[in-house]
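This briefing covers a pocket and selected features of the backbone. Please view the structure below before reading the points that follow.

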Amino acid sequence: MPVAELKKLLKAHPFSTVHRSLRDDLKQLVRLGWLQNISQGKYQCVLKSDWPYPPQLSHTQGSPASIILEANQARQLLTIIEDISFVQPNLEVILQSLWEQLMPDKDHQKFNLQPPLKRIFIHLDYILPPETQEQVDNYQEQIEELWRTPSSGVIQFKYEFKEDKIVRINTYPVCLHYVRRAKYLSAWGETPEGEIGWHNYRLDRIISEKLKILAWGDPQVPKLLREMRRLGELPTPEQVEEELENAWGFNFYLPRKWLLMRFPRNFADRYVEGTLRHQTFQRIADRDLSKLVKKQISEEGDRFRVLQILKNRNPQDVYYGAWVRLGDINVLMRLRDWRPNGEVILPFSLRQQMAEEARQELFYYQD
């Protein structure tokens, strides 16, 4: 649209609100139950306890056929949500309430509403036994309740870390994740290594019966956290998301390194090409391979070593590059899944680890 035409349209106030439209909006909010009319032209909000519930399906709203169509769509959605309700503990209570509203007894009798035949199954691995799941749900509910308070706060718990080592953690909870069969808390504060910074905690490895909430004035709260709160600079979920986008790997606080992978062409075409691993995981054009290696490796000896490796491989092979979190178990698991067809060229430390694992596997199969 030309700028002159845009300015002309804007002068006409296309989105202007006049007193009549405001009055109509207020009257509509009264009809919906969100406002009450206290006198001529005066309104006030209703109490929170009197907020209206979502409207239920009514037999007067259209024909029985349209009601059944809407109910079927909602029932299909609720069935799918049931499969992932373990991620959010409160979903089970909400789902039960929605089922009761959606399918009252009179609707069953009048329209013969039957549970849909399930043909789509969602298989999400959740490795925890039921009693552990319940404890994890309790932690999650505590954290979510803390987030609903204006000042949020710091939590304290005992954590099982590396070969039954128990450490006490004081940290600021930022966000929750469901990743590779378990739930994790991303938090900023004391780490199991005794440092101050980010860490992802598996909720099932917390061994405290209940999380302890620390007031901001508690001397156990790390001094740096109190200072960040005073300056309005507490860590945010957006920071976590940004770091997750910067490199492949859930442990977003680990060092970032450039990954170079080689695949036989047939394998790459069938199992790698067209799949989404991470936004930085991209196929490298043949003409750009040497240029990228020279750009990413500053040490001349290392650069020569990589170029020699590439020279000795099949020229028809396919190469991919990505930024990864060095030492992240999720990345390691994927690289192991690609063996023996996926060769790690860089970083050298990761290449050496893959080689050592392969030698160990070969030792086991020598009998």
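Predicted model: local features only at pLDDT ≥ 70, side-chain atom pairs only at ≥ 80, totals over all residues.

**Pocket and backbone briefing**

The largest pocket has a volume of about 710 Å³. The points below treat the lining of the pocket and then the local backbone geometry.

**Lining of the largest pocket**

- A total of 23 residues line the largest pocket, and those nearest its centre are Y184, N200, R205, N251 and I329.
- Two or more lining residues come from each of strand 3 (154-161), strand 6 (196-202) and helix 12 (329-338).
- By residue class, the lining comprises 10 nonpolar, five polar and eight charged residues.

**Cis peptide bonds**

- R339 and P340 are joined by a cis peptide bond, for which omega is near 0 degrees.
- P340 is located in the loop that links helix 12 to strand 11 (343-346).
- The peptide bond from L346 to P347 is also cis, with omega at about -5 degrees.
- P347 is located in the loop between strand 11 and helix 13 (348-364).

**Positive phi at S152**

- S152, a residue other than glycine, has a positive phi, near 50 degrees.
- The loop that holds S152 runs between helix 6 (130-147) and strand 3.
- S152 counts as buried because its relative accessibility is 15%, and the cut-off for buried is under 20%.

Definitions and conventions. Residues numbered from 1 in each chain as written. Heavy atoms only, no water. 1 Å grid on protein atoms, 1.4 Å probe; cavity = no way out; pocket = protein on both sides within 12 Å on 5 of 7 lines; lining within 4 Å. Points joined across faces, edges and corners; volume = space filled by probe spheres on them. Helix = DSSP H or I, 4+ residues; strand = E, 2+ residues; numbered from the N terminus. Nonpolar A, V, L, I, M, F, W, Y, C, P; charged D, E, K, R; others polar. Buried < 20%, exposed > 50% of the residue type's maximum accessible area, 1.4 Å probe, protein only.
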